[in-house]
Amino acid sequence: MKKYFKLLRVEQWVKNLFVFVPLFFSGNIKNLDLLTKSIFAFIIFSLAASVVYILNDYNDIEADRQHPEKRRRPLASGAISKPQAIGIFIGLIAADIALVFFAQTYFHENLWKFATIVGFYFVMNVAYTFKLKHVPIIDISIIAVGFVLRVLAGGYMTGISISQWAILLTFVLALVLAIGKRRGELINAQVSGKTRKALDGYNVQFADIALSISVTLAIMCYLMFTLSPEVQARFHERVFYTVIFVVFAFLRYLQQTLVYNRTESPTKIVYRDRYIQITLILWVATFLIQIYFKK
């Protein structure tokens with residue numbers, strides 16, 4: 001089963017946890033009905049993301065075979081054949097559509113907004129796979145918009161409204177991750193001497209500047225989010241102090257990227273770096289205390 005999990009990139013499903021953002025920050029995480037809806041949203045979005053990953057790997061088979069790491073992917077390595085990949089691709093689309101209809105019947109609600117978001121995510125990524133990933137700036141912007149769509153999907157599924165600061169914060173945070181990934185690819189290209197079209201229009205200096213700007217914007221957005229009247233009223237004015245965890249996490253990420261030249265994807269850095277993991281745990285724990293024990 002390992003090769004199929006790799007094809008679906010199950011480890012990347014952690015990105016889809018963003019669908020729980022509206023539930024978490026609204027203080028309704030103990031609401032079983034809303035939690036169930038968010039879980040459905042997570043599963044549906046994860047399957048949609050896997051469909052996109054399969055399409056991308058299928059389209060990039062030859063290029064991946066020339067890459068030192070991507071050549072190990074199931075399609076590039078031959079562990080999974082093209083017909084098998086096509087069959088899984090079609091099966092996942094059918095399963096996703098069936099889950100949307102099942103959720104609509106199960107919850108007795110019209111989920112057309114949620115379905116539209118998932119559909120738009122798929123169409124946008126199809127365009128990204130075949131054309132837009134080769135257009136500088138547009139490519140990383142699409143990645144960032146994908147995270148915003150995850151948050152919106154969680155909001156539409158649960159009926160929870162999302163603040164403008166939360167949307168902007170999500171976009172900028174995802175932009176940081178996308179730029180960091182591009183920078184890692186640029187460093188690898190310098191070492192191996194092999195580049196690819198997706199890196200046209202970028203260099204390390206530009207990536208460093210863009211990364212610094214994006215991190216600054218992300219911290220400012222989070223700061224404004226914690227200071228917004230609705231957040232202060234919902235939690236406690238002490239929520240402002242969670243900025244400390246956010247600043248530390250970003251500084252650690254910049255250190256790993258700019259000082260130690262960690263070239264793996266941001267997701268892998270989060271999986272492997274104990275300092276960032278501990279910071280995230282403390283941040284989540286602090287918010288849980290603010291939400292449920294604010295008195």
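I count two rings of Phe, Tyr or Trp as a pair if their centres lie within 6.5 Å. I'm working on a predicted model here.

**Aromatic pairs**

With that cut-off, I get 15 aromatic pairs in the structure. I picked out Y222 and F225, which sit 6.2 Å apart centre to centre with 40 degrees between the planes. That pair goes down as tilted. Y222 and F225 are three residues apart in helix α10 (residues 204-227), so about one helical turn separates them. I checked burial too, and both Y222 and F225 are buried.

**T226**

Still in helix α10, I looked up T226. Buried or exposed? T226 has 0% relative accessibility, so I list T226 as buried. Which residues does T226 touch, leaving aside neighbours within four places in sequence? I noted V231, Q232, V239, F240, T242 and V243. I also took a distance to T257, which lies 31 residues from T226 along the chain: their C-alpha atoms are separated by 27 Å.

**α6 against α7**

Next I turned to helix packing. Helix α6 (residues 82-107) packs on helix α7 (residues 112-130) at about 165 degrees, and their axes are 10 Å apart. An angle over 145 degrees counts as roughly antiparallel, and I therefore put α6 and α7 down as roughly antiparallel to each other. Their crossing is right-handed. On the α6 side I see F89, D96, V100 and Q104 making the contact, and on the α7 side W112, F114, A115, V118 and F122. By class, I have seven nonpolar residues, one polar and one charged in this contact.

**α3 against α7**

How do α3 and α7 pack, at what angle and with their axes how far apart? I get about 15 degrees for helix α3 (residues 32-59) on α7, with 10 Å between the axes. Under 35 degrees counts as roughly parallel, so α3 goes down as roughly parallel to α7. I logged this crossing as right-handed. From α3 I wrote down A41, I44, F45, A48, A49, V51, V52, L55, N56 and N59. They meet F114, I117, V118, Y121, F122, N125, V126, T129 and F130 of α7. This contact has 15 nonpolar residues, four polar and no charged ones.

Notes: Residues are numbered from 1 along each chain as its sequence is written. This is a predicted model: local features need pLDDT of at least 70, side-chain atom pairs count only at pLDDT 80 or more; totals for chains, interfaces and linings use all residues. Side-chain values use heavy atoms; hydrogens and water are left out. Axes are lines fitted to C-alpha atoms, for helices over the stretch in contact, and angles run from 0 to 180 degrees between N-to-C directions. Helices (H or I, at least four residues) and strands (E, at least two) are DSSP runs, numbered from the N terminus. Angles under 35 degrees count as roughly parallel, over 145 as roughly antiparallel, 65 to 115 as roughly perpendicular and the rest as oblique. A crossing is left-handed if the near helix is turned anticlockwise from the far one by less than a right angle, and right-handed if clockwise. Contact means heavy atoms within 4.5 Å. Ala, Val, Leu, Ile, Met, Phe, Trp, Tyr, Cys and Pro count as nonpolar, Asp, Glu, Lys and Arg as charged, and the others, Gly among them, as polar. Rings of Phe, Tyr and Trp (its six-membered ring) pair if their centres lie within 6.5 Å; planes under 30 degrees apart count as stacked, over 60 as edge-to-face and the rest as tilted. Buried means under 20% relative accessible area, exposed over 50%, partly exposed in between (1.4 Å probe, protein chains only).
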